[in-house]
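User: I have a chain open here and would like to talk through how it is put together. Could you take me through it?
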Amino acid sequence: MLKRALAVIAAFALLTQAACTPTEVSLADPAPLDTDVLTDTQMTPESLAVEQGDESETSLGEEESAEAEAEEEEEEKAEEPSEGEETSRSPVELNIITDFRSNFVHGDKDAAHQKYIMLHDTEGWSSPANTIDWWDSNGNLVAAHFIVGTDGAVYQCVPLDKIAHHAGYGDTGHNAYYGISEDGRDDMKGTVWVGSWASDYGMNAWSIGIEMVHVGGSGDYPQAQLDALDALIAYIDGYYGFQSTIIDHKAWRSGNSDTSPEFAGYLWNYQNYRHH
Ligand SMILES: [Zn+2]
């Protein structure tokens with residue numbers, strides 16, 4: 001079990017990433033890797049089954065912690081600068097729980113190599129903490145930088161200056177379409193070829209990945225989760241000093257389930273207004 005550090009971070013303060021350096025996080029012994037079964041597909045049916053079965057293992061401590069954070073978020077609302085939409089908004093304070101895992105780091109990444117924020121659904125109901133444990137134990141070396149729980153808890157398991165494997169292969173031609181290249185910064189460990197129809201592999205090295213705990217077809221996303229995602233997008237924008245283009249996983253690779261159809265309206269809002 002990793003020591004978890006709670007970083008309380010104001011959504012719009014331009015903070016250094018000092019609290020998010022791997023050296024400040026104690027890392028447990030990495031899980032043994034089975035390179036024969038590695039895949040870069042984020043959510044396979046196998047992972048879905050395990051995640052759902054995992055649900056009962058959520059610890060009360062983590063839930064209580066998440067609830068406390070959600071309450072703090074409710075209490076400490078601040079004024080958000082207008083992005084051109086008429087609706088006045090009161091974003092929540094962002095509390096990021098860091099739980100960095102060395103297995104998820106696939107290379108260095110800086111602001112010069114940041115273009116996209118990719119949104120995903122986990123397609124399971126495991127808590128963010130349990131999802132990170134699952135990702136770390138399955139040997140796939142696949143993870144997103146952040147996971148946003150249904151209660152608004154935000155976990156980060158990969159630093160912003162590191163490449164995570166959350167996008168995998170994209171449709172052939174998508175490197176050019178998205179203006180990115182495969183430049184060798186991504187170590188591609190665990191990557192498995194998925195076919196000539198999806199041969200492009202640049203997105204991981206040019207993006208930040210966010211997973212939302214959600215199952216497609218299950219209904220709307222909770223308000224607390226959307227509020228937290230608003231704050232997280234603002235935080236990432238502030239970290240880089242510019243607005244990354246927001247896309248979802250299925251835009252990169254046809255056939256991916258995420259994000260779900262019920263997110264479509266929110267996705268449009270995020271792409272146009274930076275919040276849901
Ligand atoms: Zn995905």
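User: What pattern does the chain follow, read along the sequence?
Analyst: Read that way, the chain follows β-α-α-β-β-α-β-β-α-β-α-β-α-α, and it comes to seven helices and seven strands, where helices (H or I, at least four residues) and strands (E, at least two) are DSSP runs numbered from the N terminus. Please keep in mind that this is a predicted model, in which local features need pLDDT of at least 70 and side-chain atom pairs count only at pLDDT 80 or more, while totals for chains, interfaces and linings use all residues. Residues are numbered from 1 along each chain as its sequence is written.

User: And strand 3, how many of its residues are buried?
Analyst: Six of the six residues in strand 3 (residues 116–121) are buried, a residue being buried if 20 or more other C-beta atoms lie within 10 Å of its own, with C-beta atoms placed from the backbone.

User: Which strands does strand 3 pair with?
Analyst: Strand 3 runs parallel to strand 6 (residues 207–212), joined by six bridges, and it also pairs in the parallel sense with strand 7 (residues 245–248) over four bridges; pairing here requires at least two DSSP bridges between two strands.

User: What is the bridge partner of tyrosine 116 in strand 6?
Analyst: The partner of tyrosine 116 there is serine 207, while methionine 118 stands opposite isoleucine 247 in strand 7.

User: Changing topic, how much of the whole chain is buried?
Analyst: Buried residues make up 45% of the 276 residues.

Technical notes:
Buried ≥ 20, exposed ≤ 12 C-beta atoms within 10 Å, placed from the backbone.
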